[in-house]
Amino acid sequence: MKKMYFIAIYPSEEIIKEIRDFKRDMAISFQSSKALKNDAHITLFPPFSRELELEEDIHIAFQKIDTNLPPFEIELNGFGSFPNPKNPVIFVHPEDNIYLTDLYNRVKQQFNFSPYSFTPHMTIGYRDLTWENYLKAWEKYQHKEYKTKFLVDKILLLRHDGEWVPIAEKSLTETV
């Protein structure tokens with residue numbers, strides 16, 4: 001039996017709740033509710049499927065990720081979008097961060113079996129967001145202010161069991 005997996009970082013529970021409010025607004029005002037199914041996160045490696053019997057291999061690769069780096073802050077600042085008419089996305093925008101890029105590259109060293117361009121974001125509207133509703137939503141969100149920051153001190157491996165469930169975590173720890 002195949003299962004879906006992915007690797008991500010999550011903000012604090014307080015930020016997850018704040019971003020859930022934006023997702024609710026997208027669902028109510030712009031008929032885009034798919035993003036409500038997942039808590040706010042930044043994907044380090046996108047969902048992939050594997051046979052459940054091979055899960056141990058995924059755990060081994062996950063534990064091999066080099067997380068010997070200090071915890072770091074990510075600043076969230078406003079909103080961004082991917083204006084693709086077939087699949088538009090609106091998201092909370094993280095500021096560029098060399099530590100986040102470094103962490104992504106460390107993940108990619110162990111999980112490199114599918115090409116993936118890294119554009120960090122926290123989705124608030126996608127999949128069921130029509131182009132027409134994207135245009136209306138973007139009108140509202142492109143100048144909307146939202147600023148906060150959170151500490152990244154671990155990465156999570158998640159498996160989809162009806163919903164995404166963390167099955168392993170790895171702390172960022174700098175050893176001198």
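This report walks through the overall fold of a protein chain and then some of its salt bridges. The structure is a predicted model.

**The overall picture**

Let us begin with the fold. The protein chain contains four helices and eight strands, and their order along the sequence is β-α-β-α-β-β-α-β-α-β-β-β. With a radius of gyration of 17 Å, close to the 16 Å given by the globule rule for 176 residues, the chain is as compact as a globular protein of that length. Its C-alpha trace spans about 45 × 40 × 25 Å along the principal axes.

How much of the chain is buried? Of the 176 residues, 44% are buried. Among contacts with a separation of 6 or more, 80% are between residues 24 or more positions apart.

**Charges and salt bridges**

Turning to charge, the protein chain carries 22 positive and 26 negative side chains, and the centres of these two sets lie 5 Å apart. A search of the whole structure finds 10 salt bridges.

| Salt bridge | Closest N and O atoms |
|---|---|
| Asp39 and Arg20 | 2.8 Å |
| Arg159 and Glu55 | 2.7 Å |
| Asp102 and Arg106 | 3.2 Å |

Take the salt bridge between Asp39 and Arg20 to start with. Asp39 sits in the loop between helix H1 (13–30) and strand S2 (42–51), while Arg20 belongs to helix H1, so the pair ties together parts that are 19 residues apart in sequence. Asp39 counts as partly exposed, at 34% relative accessibility, and Arg20 is also partly exposed, at 23%.

Next comes the pair formed by Arg159 and Glu55. This pair links distant parts of the chain: Arg159 is in strand S7 (residues 154–160) and Glu55 is in helix H2 (residues 55–64), 104 residues apart. Are these two residues buried or exposed? Both Arg159 and Glu55 are buried.

Asp102 is partly exposed, with a relative accessibility of 28%, whereas Arg106 is buried, because its relative accessible area is 15% and buried means under 20%.

Note on methods:
Residues numbered from 1 in each chain as written. Predicted model: local features only at pLDDT ≥ 70, side-chain atom pairs only at ≥ 80, totals over all residues. Heavy atoms only, no water. Helix = DSSP H or I, 4+ residues; strand = E, 2+ residues; numbered from the N terminus. Rg over C-alpha atoms; globule rule 2.2 N^0.38 Å. Buried < 20%, exposed > 50% of the residue type's maximum accessible area, 1.4 Å probe, protein only. Contact = heavy atoms within 4.5 Å. Lys, Arg positive; Asp, Glu negative; His and termini not counted. Charge placed at Lys NZ, Arg CZ, Asp CG, Glu CD. Salt bridge = Lys/Arg side-chain N within 4 Å of Asp/Glu carboxyl O.
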